[in-house]
Amino acid sequence: MRFYTVEIAGREEILVGFRENEAVYRLNLLARLVPELAVADMNELICRYTPEVKAKLEHLADNEDVLQGAVVKLPEVKLLAPIVHPRQDVVCLGINYDAHAQEAGRFSSEAFGGERPYTIYFSKRVNRATASGESVPRYEGLVDSLDYEAELGVILGRDAKGVSKENARDYIFGYTIINDISARNLQTRHKQWYLGKSLDGFTPMGPCIVTADEIGDEQALDISCTVNGELRQSSNTRYMIQTVSGAIAELSEGMKLAAGTIIATGTPAGVGMGMKPPTFLQHGDKIVCSIEKIGSLKNVID
């Protein structure tokens, strides 16, 4: 299934799409048959999405009479980020593709170089996630090196603590696309990454969440990014250094990852700071981050 967050008549709603069918349906109108679907936002849906609720929702997918009363055309509503207001900071993996590690080290050996025998984790504050189609602010006068990073986003479906690598997939609700927008001058100036990646508007996310059962093997997805139609990033999640399951196991060993936790799994090579010479985002640039089986996240620089 695919879940979208949209705005209809000034109110936030969730839409659901089934299988290969491009049609989407208003979840609150389906809730008259499945009361558990009467939720305020995606965070609440994730917490309520038990195997029993999933089965009930899949049963509705075959009820054409019910679906026709809830159908909506996605282009006719305002798309929001699937999780507009994350309950916690996004957990991020840094330098998680070998080729990206090499290009980052060339840009700044002090900030990105050196031996890294263990996974790098950091957090990214998100007051409000940016939707596909919305603009990303430049912060002229504060940021002089705005960059993009296409990443696979993982959303946990239930609390995870002490989870084994073998069982980690059982805790995943679904996947989305994240563009980890970064101010490289702030990132290198402060010698840590939190500030340079946490300015308001720096977390485009979407266009939807695709449930884990539809994705299958998350370590076999093509991932790419174009800027103004030029292909900049082109890779596959199989080239991650730390896998999704490995990250969940390692993180949950000493902390509880609450349902709804978002994990950004790192970006492949091809970011602006890795180009020769480094080439950063400018006003009007159009960025499209795409991941197989999920879709495309599209934004423009303000």
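The buried residues of α3 pack against β1 (2-8), β2 (11-17), α1 (27-30), α2 (42-48) and α4 (64-68), where contact means heavy atoms within 4.5 Å and buried means under 20% relative accessible area, exposed over 50% and partly exposed in between (1.4 Å probe, protein chains only). Helices (H or I, at least four residues) and strands (E, at least two) are DSSP runs, numbered from the N terminus. This is a predicted model, in which local features need pLDDT of at least 70 and side-chain atom pairs count only at pLDDT 80 or more, while totals for chains, interfaces and linings use all residues. Residues are numbered from 1 along each chain as its sequence is written, and side-chain values use heavy atoms, with hydrogens and water left out.

In helix α3 (residues 51-60), the buried residues include Val53, Leu57 and Leu60. These residues lie on the same side of α3, because they cover an arc of only 50° around the axis, the arc being that of the directions from the helix axis to the C-beta atoms. Pro51, Glu52 and His59, by contrast, are exposed on the other side of α3.

Strand β1 is largely enclosed by the rest of the structure, since 6 of its 7 residues are buried.

| Strand pair | Bridges | Sense |
|---|---|---|
| β1 and β2 | 7 bridges | antiparallel |
| β1 and β5 (residues 78-80) | 3 bridges | antiparallel |
| β1 and β13 (residues 205-211) | 2 bridges | antiparallel |
| β14 (residues 222-227) and β17 (residues 286-291) | 5 bridges | antiparallel |
| β17 and β18 (residues 295-301) | 6 bridges | antiparallel |

Asp285 lies in the loop between β16 (262-264) and β17. Is Asp285 buried or exposed, and which side chain of opposite charge is nearest? Asp285 is buried yet has no salt bridge, and the nearest side chain of opposite charge, that of Arg232, is 6.1 Å away. Here a salt bridge is a side-chain nitrogen of Lys or Arg within 4 Å of a carboxyl oxygen of Asp or Glu; Lys and Arg count as positive and Asp and Glu as negative, while His and the chain ends are not counted. A polar atom of the Asp285 side chain does, however, lie 2.8 Å from the backbone nitrogen of Gln282. Leaving aside neighbours within four places in sequence, Asp285 is in contact with Val227, Asn228, Phe280, Asn299, Val300 and Ile301.

Leu142 lies in another loop, between β8 (135-136) and β9 (146-147), and is partly exposed, with a relative accessible area of 37%. Not counting residues up to four places away in sequence, Leu142 touches Asn185, Leu186 and Leu199. Leu142 and Arg232 are 90 residues apart in sequence and 25 Å apart in space, C-alpha to C-alpha.

Key: Pairing = 2+ DSSP bridges. Polar contact = N/O pair within 3.5 Å; in protein donor to acceptor, adjacent residues only side chain to side chain.
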